[in-house]
Amino acid sequence: MTTEATLPATLPSVVKLGSRIGARIDGVRLAGDLGPAVVEVIRKALVEHKVIFFRDQDQLTEDGQYEFAELLGSPTTPHPTVTSHGEKSLAIDSEYGSANSWHTDVTFVDRIPKASILRAVTLPSYGGSTTWASTVAAYDSLPGPLRELAESLRAVHTNVYDYVGRHGQQPGAKAREHRAEFESSLYETEHPVVRVHPESGERALLLGHFVKNFAGFSSTESQTLFRLFQDRVTRLENTVRWDWAPGDVAIWDNRATQHYAVNDYDDQPRRLTRITLAGDIPVGVDGRTSTVITGNAEHYSVIDQPRRLAS
């Protein structure tokens with residue numbers, strides 16, 4: 001039983017940033033020793049608002065970020081294939097390219113991470129913001145016939161994709177080295193295009209730049225279907241944009257969002273550290289789970305056993 005003596009003096013406040021996505025959480029100093037009541041506020045806010053932001057977390061180190069992450073779930077290894085950019089966290093470093101294309105993290109494996117925790121380390125003097133989109137709001141905005149179509153579709157996601165076509169630029173030498181490591185082992189997984197969120201029960205579109213094709217459709221047909229649904233995700237009403245400041249931390253529900261790192265800071269350095277949390281295997285509206293085509297992700301992550309969010 002929880003008593004007044006075990007509760008913190010004040011709980012963090014949640015400030016809503018948009019009607020469909022985004023909230024800022026004030027009044028908390030992130031660390032590995034947060035009490036369960038504070039952790040529950042963060043967890044509920046994450047599921048409700050899809051992406052949450054914390055200011056002034058300058059005290060947080062990589063170890064502290066990892067210890068805090070453990071309160072929310074089981075951290076994965078940094079990446080299924082990229083092993084040269086960190087042992088506990090993955091360095092999101094402009095030196096190796098920019099993720100300036102809409103995506104959900106690591107959808108090419110069966111056990112898609114449930115959340116990502118991103119901490120600002122080095123920021124440019126201008127630009128470099130990140131935008132998130134609610135894939136739940138995107139699904140909700142579909143007219144009935146398109147919802148039915150989306151719910152019947154499955155798509156193949158892969159880590160080997162057209163970088164230039166997706167990002168609109170030729171990679172530099174270091175980015176090419178990073179790309180080679182990224183593609184060093186082939187992963188392909190077939191996911192439902194609409195997944196049921198394991199905690200909230202909401203339905204979300206599962207797409208992004210790792211989509212290779214829609215099962216049973218040609219490349220041309222797949223591209224048409226992709227644009228039809230992906231354009232719903234990135235409508236401005238479904239998005240929130242965050243201008244990074246030193247000490248900022250962002251956490252997003254990777255089961256209900258896509259994101260895009262805006263490459264508008266020229267050749268300035270930009271570096272953040274990311275820790276991802278183990279997720280479950282997506283389940284479609286019809287009850288079918290995702291299926292592996294190529295690649296074993298057991299070394300990357302355990303399979304999370306989610307619990308429904310308490311009302």
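**View 1. D56, out in the loop between strand 3 and helix 2.** At 59% relative accessibility, D56 counts as exposed, where exposed means over 50% relative accessible area, buried means under 20%, and partly exposed is in between (1.4 Å probe, protein chains only). D56 also has a positive phi of about 60 degrees, although it is not a glycine. For background, most residues other than glycine have a negative phi. Helices (H or I, at least four residues) and strands (E, at least two) are DSSP runs, numbered from the N terminus.

A quick note for every view: this is a predicted model, in which local features need pLDDT of at least 70 and side-chain atom pairs count only at pLDDT 80 or more, while totals for chains, interfaces and linings use all residues. Residues are numbered from 1 along each chain as its sequence is written, and side-chain values use heavy atoms, with hydrogens and water left out.

View 2. D248 is buried, with a relative accessible area of 0%. Leaving aside neighbours within four places in sequence, D248 is in contact (heavy atoms within 4.5 Å) with F54, R55, D56, L118, R119, A120, W242 and D243. So D56 from the previous view turns up again here, among the contacts of D248, and D56 counts as exposed.

**View 3. K50, another residue with a positive phi that is not a glycine.** The phi of K50 is about 75 degrees, and K50 sits in the loop between helix 1 and strand 3. Is K50 buried or exposed? K50 is buried, with a relative accessible area of 3%.

**View 4. The largest nonpolar core, with its 23 residues.** A nonpolar core here is a set of buried Ala, Val, Leu, Ile, Met, Phe, Trp, Tyr and Cys residues joined through side-chain atoms within 4.5 Å. Look for L30, I42, I52, F54 and I251, which touch the most other members. At least two residues each come from strand 2 (23-26), helix 1 (36-49), strand 3 (51-54), helix 2 (62-72), strand 5 (115-122), strand 13 (249-253) and strand 15 (271-277). Helix 1 gives the largest share, 5 residues. I251 makes a handy landmark: apart from neighbours within four places in sequence, I251 is in contact with L46, K50, V51, I52, F54, F68, L72, S116 and I117.

**View 5. Helix 2 and its buried residues.** Those buried in helix 2 are G64, Q65, Y66, F68, A69 and L72. They pack against helix 1, strand 5, strand 13 and strand 15. As a reminder, an α-helix has 3.6 residues a turn, so residues three or four places apart point the same way.

**View 6. Helix 4 packed on helix 7.** Helix 4 (residues 144-152) and helix 7 (residues 219-233) meet at an angle of about 115 degrees, and their axes are 12 Å apart. Axes are lines fitted to C-alpha atoms, for helices over the stretch in contact, and angles run from 0 to 180 degrees between N-to-C directions. L146, L149 and A150 of helix 4 make the contact with L225, L228, F229 and R232 of helix 7.

**View 7. The open sheet with strand order 11-7-8-16.** This sheet has 4 strands with antiparallel pairing; two strands pair if DSSP finds at least two bridges between them. Strand 11 (211-214) and strand 16 (291-294) are the edge strands, each pairing on one side only. The twist averages 30 degrees from one strand to the next. Strand 8 (residues 188-192) is joined to strand 16 by 3 bridges, and T189 stands opposite V292 in strand 16.

**View 8. The open sheet with strand order 12-6-14.** Here 3 strands pair in the antiparallel sense. Strand 12 (239-242) and strand 14 (257-261) each have a single partner strand, so one side of each is left without a neighbour in the sheet. Strand 6 (residues 130-134) pairs with strand 14 over 5 bridges, with A133 opposite Q258.
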